[in-house]
Amino acid sequence: MRAGLIGAVMMPTQLAQQVKTALEGSGVTPLSIIGHPRAQMWTFLVRSDIRPIGDPGDVARLWEARVVVIREGDIALPSPAPDPLMVRTWVSPAISTFRPSGAVVIARALSFLRQTRR
């Protein structure tokens, strides 16, 4: 899928599970999440509304935590056929056109990353 109106935020599975739980607890659903089992990463499909982050500390936290924002280019989706290599799989399948705000997903990730630095 080509990034544009839809973007993506990729992060390690452990952080992504926390973000997913927090978003669902806040009523931000349904979430479309792609799992990358071998890489131990998840990708949230989001609205492309993420502005540049001004705080250098937050940029460093995201970088160190391996959080990646995809604004341009291709977003690889899971195969519709069974994937014996388990390269990509749906953690939460795309069941509607709703996509959460990318800015909200980043903010949730940062809130957890800031807590671990204290």
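Is Q40 buried or exposed? I looked up its accessibility: the relative accessible area is 55%, so Q40 is exposed. I keep in mind that this is a predicted model.

Entry on backbone angles.
I placed Q40 in the loop between β2 and β3. Its phi is positive, about 55°, although Q40 is not a glycine. Most residues other than glycine have a negative phi, and most peptide bonds are trans. I then found R66, also not a glycine, with a positive phi of about 65°. R66 sits in the loop between α2 (56-64) and β4. I noted 46% relative accessibility for R66, so I list it as partly exposed. For the peptide bonds, I recorded a cis bond joining T29 and P30, with omega about -5°. P30 belongs to the loop between α1 and β2.

Entry on helix α1.
I took α1 as residues 13-25, which is 13 residues. From first C-alpha to last I read a reach of 18 Å, close to the 18 Å expected at 1.5 Å a residue. Just after the helix, G27 has a positive phi of about 85°.
Which residues of α1 are buried? I listed T13, L15, A16, V19, K20, A22 and L23. These buried residues pack against the strands β1 (6-12), β2 (33-36), β3 (41-47) and β5 (89-92), and against the helix α3 (102-116).

Entry on α1 and α3.
Two packed helices are described by the angle between their axes and the distance between the axes. I looked up both for this pair: the axes of α1 and α3 come within 9 Å and cross at roughly 120°. The crossing is right-handed. On the α1 side I found L15, Q18, V19, A22 and L23, and on the α3 side V104, V105, R108, A109, F112 and L113. I sorted the residues of this contact into 9 nonpolar, 1 polar and 1 charged.

Entry on two serines.
I went to S32, in the loop between α1 and β2. With a relative accessible area of 2%, under the 20% cut-off, S32 is buried. Its side chain makes a polar contact with the side chain of R99, at 3.2 Å. Leaving aside residues up to four places away in sequence, I found that S32 touches T43, F44, L45, W90, S92, P93, A94, F98 and R99.
S101 is in the loop between β5 and α3. S101 has 11% relative accessibility and therefore counts as buried. I traced its side chain to the backbone nitrogen of A103, at 3.2 Å. With residues up to four places away in sequence not counted, S101 touches V46, R47 and D49.

Entry on R71.
Where is R71? I found R71 in the loop between β4 (68-70) and β5. Its relative accessibility is 43%, so I put R71 down as partly exposed. What does the side chain of R71 reach at 3.2 Å? I noted the backbone oxygen of I50. Residues up to four places away in sequence not counted, R71 touches A3, G4, I50, R51 and P52. I also checked R71 against T43: they are 28 residues apart along the chain, and their C-alpha atoms are separated by 13 Å.

How values were computed. Residues numbered from 1 in each chain as written. Predicted model: local features only at pLDDT ≥ 70, side-chain atom pairs only at ≥ 80, totals over all residues. Heavy atoms only, no water. Helix = DSSP H or I, 4+ residues; strand = E, 2+ residues; numbered from the N terminus. Expected span 1.5 Å × (residues − 1). Buried < 20%, exposed > 50% of the residue type's maximum accessible area, 1.4 Å probe, protein only. Contact = heavy atoms within 4.5 Å. Axes fitted to C-alpha atoms, helices over the stretch in contact; angles between N-to-C directions. Left-handed = near helix turned anticlockwise from the far one by under 90°. Nonpolar A, V, L, I, M, F, W, Y, C, P; charged D, E, K, R; others polar. Polar contact = N/O pair within 3.5 Å; in protein donor to acceptor, adjacent residues only side chain to side chain.
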